[in-house]
Amino acid sequence: MAELRNFPSLSILSLMALLILAVEPYESLGSSRKSVHSGFKTDYNGVGSGMCASAVTVHGYKCQEFEVTTDDGYILSVQRIPEGRVGGDGGPKMNRQPVLLQHGVLVDGVTWLQNSPAQSPAMILADNGFDVWISNIRGTRYSRRHVTLDPDSADYWNWTWDDLVAHDLPALVDLVFKQTGRKIHYIGHSMGTLIALASFSEGKQIDKVKSAALLSPVAYLSHMTTALGDVAARAFVSEITTIFGLAEFNPRGEPVSDFLKVLCAQAGVDCYDLITALTGKNCCLNASTVDHFLKNEPQSTSTKNLVHLSQTVRDGVLSKYDYGSNDFNQAHYGETKPPRYNLTNIPHDFPLFLSYGGQDALSDVQDVETLLDNLKYHDVEKLHVQYIKDYAHADFIIGITAKDIVYNQIISFFRNQG
């Protein structure tokens, strides 16, 4: 059996490649609903534990820790870098445009802070005069809390990316909007693009968002080219709930590890380089950055969330979670099929920046073209599309050339929005 030597690198956005076909859906579990509230946790110097202390202030940046509670009771951690180390060129602090950074699946906000300050997206933006806010969705290391639910309970993990659209993203955007009094720029990677597109298509949050930059967009997933994902589709995925029996999908846990070892024994699957096997051939990763990345990731997600992502792959459409029967769907949605997210409903004058790579095995070129076809009536002046031939999925976040190739373009795009 092939050795799973680089297993932690599965965290690079994503084990969705292991879930090409839907597993047996299960019915929703109950959860308590609470009012949204936010709290300020530490001072500008990041006193206390948290991401500020471990990943930001050590580099000489000011940092604030916030928390915000969603309307279904999940307590999310948010970090703010209000300015660059030397103030940046954004002028007085009150004039700095806020930017919200949204990570993908199986990672957390630290993903924006993995390189040196000169190469990390969060610091690049802060040093260029932006007020940077870093989110951490439910279930990740800094956001593993709930008002009433035990994080180790099945109820806590009863959610999909639909819930990120309905609950997490509104709470995060509202927090930044209320704290700054300004519309925000949004940057999402991988699943962070998915939840933004779904939200915008339903007219949610878009009144508080100035523009959005979407990196490795994954609205459609039918053409993923990962060998490991193909093996999972043919052999094992339909049995995943019985294999794991877990609501929490923990990539470091023994059940998941054992499952992947079986997959890696299949002909044609090279598990000695899982980053390439899952995300494509990244051109520009620094070995020390990858090592640092693997010390911090991966993070857990819900098994149900990965089921939902796999349904997107299987069905070739962007829909809400399929509960597996007409009766269950009728009970949840008032109709027998899960409602679709219609991306053509995104306002045509909303500024969008899309960047995708020619080597990306998750955000495949054909799938991005399907997304762009949904945006074909978008105002041409408001849609900026960047294609990077040599980039794969991870290059957009931890690639050493991303500052010059991607983030300088995003900064110019943001500034052109006024």
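Trainee: How many nonpolar, polar and charged residues are in the lining of the second largest pocket?
Mentor: This is a predicted model. In it, that lining has 5 nonpolar residues, 7 polar ones and no charged ones.

Trainee: And what volume does the second largest pocket have?
Mentor: About 150 Å³. Its lining is made up of 12 residues, and those closest to the pocket centre are Ser54, Ala55, His59, Leu113 and His292.

Trainee: Which helices each supply at least two residues of that lining?
Mentor: Helix 1, residues 51-56, and helix 9, residues 287-296, each do.

Trainee: Switching to the largest nonpolar core. Which residues touch the most other members?
Mentor: Trp161 and Tyr186, out of 56 residues in that core. Helix 3, residues 161-180, gives the largest share of the core, with 9 residues.

Trainee: What is tryptophan 161 in contact with, leaving aside neighbours within four places in sequence?
Mentor: Met191, Leu194, Ile195 and Ala198 are among its contacts. Further along the chain, tryptophan 161 also contacts residues including Asn305, His308, Leu309, Thr312 and Tyr341.

Trainee: Which residues are in the other core?
Mentor: That core lies apart from the largest one and has 38 residues, among them Leu113, Ile398, Val406 and Ile411.

Trainee: New topic: glutamate 369. Buried, partly exposed or exposed?
Mentor: Glutamate 369 counts as partly exposed because its relative accessible area is 44%, between the 20% and 50% cut-offs. It sits in helix 12, residues 365-374.

Trainee: How far is its C-alpha atom from that of tyrosine 220?
Mentor: 9.3 Å, although glutamate 369 and tyrosine 220 are 149 residues apart along the chain.

Notes. Residues numbered from 1 in each chain as written. Predicted model: local features only at pLDDT ≥ 70, side-chain atom pairs only at ≥ 80, totals over all residues. Heavy atoms only, no water. 1 Å grid on protein atoms, 1.4 Å probe; cavity = no way out; pocket = protein on both sides within 12 Å on 5 of 7 lines; lining within 4 Å. Points joined across faces, edges and corners; volume = space filled by probe spheres on them. Helix = DSSP H or I, 4+ residues; strand = E, 2+ residues; numbered from the N terminus. Nonpolar A, V, L, I, M, F, W, Y, C, P; charged D, E, K, R; others polar. Buried < 20%, exposed > 50% of the residue type's maximum accessible area, 1.4 Å probe, protein only. Core = buried A, V, L, I, M, F, W, Y, C linked by side-chain atoms within 4.5 Å. Contact = heavy atoms within 4.5 Å.
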